[in-house]
Amino acid sequence: VIEGLKGLSRGRLHLAVASTVNYFAPRLLAVFQQRYPGIQLRLEVTNRESLVQLLEANAIDLVLMGVPPKDVEVEAEPFMENPLVVIAPPEHPLTAARQIPLYRLAEEVFVMREEGSGTRQAMERFFRERGIQVRQGMQMTRNEAVKQAVRSGLGLSVVSLHTIELEIETGRLVVLDVEGFPDRRQWYLVYRRGKRLSPAARAFREFVLTEAAGIAQPQLAGTNASAGQDQATL
Ligand code: PGA
């Protein structure tokens, strides 16, 4: 409980998070709520494009997202790694390969998130910067749909490691060991520049910046990609 906020027994906090953040946000909220039971929390889960609109309209206290907007004046503070990885179904021939060269992916079809997705933007930028053109397969608006599509053999995909913790544990999806991956991105806590944060918002900001990584950092250990890594965890 941070100094000056000890007596914080009431307040409302309106949060919005990227759909990918939804895989760990409830864990953070559970700890935060226990510490500040008087704060009433409201959570919107939506894609990057809608988050930018909420920030533009000054209609939200705090946002957790992967790609902060450039054309809206915001403060963006990194709080945890967001590793993007290449996933395949367990029967895919590349699951046995180590250090797969990036150009090899040009032969594969990729299941894509929708245009407004931060994951998709990051994936496209990653391949563009390295001069790789992957074949675009089906497009889907949910991480869950993408994972099911990959499991069903519709292609590979690039997703946040946060979205596949259960599938890795149960062996339903495999993280490929591809050159340049994981793409180590960051999650950011974002709010309008100059916004006067309420005591509840300040308490949540402080909590996320200091504790979120300890609560929700995903582990690469046990995946194929960790075999080619210097360290087993991120
Ligand atoms: P998404 O967000 O759910 O819109 O892909 C993830 C991100 O912003 O990196």
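**Overall fold, domains and ligand shell**

With 234 residues, a compact globule would have a radius of gyration near 17 Å, and the value of 19 Å for the protein agrees with this. The radius is taken over C-alpha atoms, and the globule rule is 2.2 Å times the number of residues to the power 0.38. The model is predicted: local features need pLDDT of at least 70, side-chain atom pairs count only at pLDDT 80 or more, and totals for chains, interfaces and linings use all residues. Residues are numbered from 1 along each chain as its sequence is written. Seven helices and nine strands are present. These are DSSP runs (helices H or I, at least four residues; strands E, at least two), numbered from the N terminus.

The protein is divided into domain 1 (11-80 + 186-216) and domain 2 (82-184). The bounds come from an automatic or database domain assignment. The C-alpha centres of the two domains lie 26 Å apart. Their contact takes 14 residues from domain 1 and 13 residues from domain 2. Contact requires C-beta atoms, placed from the backbone, within 7 Å. On the domain 1 side, helix H2 (48-56) and strand S9 (183-192) each supply at least two residues.

The ligand lies between the domains, because both domain 1 and domain 2 give residues to the shell around it. Of the 13 residues in this shell, Ala18, Gly66, Ser117, Gly118 and Thr119 come nearest. Helix H3 (residues 118-129) gives the most, with three residues.

Key. A residue is near a molecule or strand if its C-beta atom, placed from the backbone, lies within 6 Å of it. Two residues are in contact if their C-beta atoms, placed from the backbone, lie within 7 Å.
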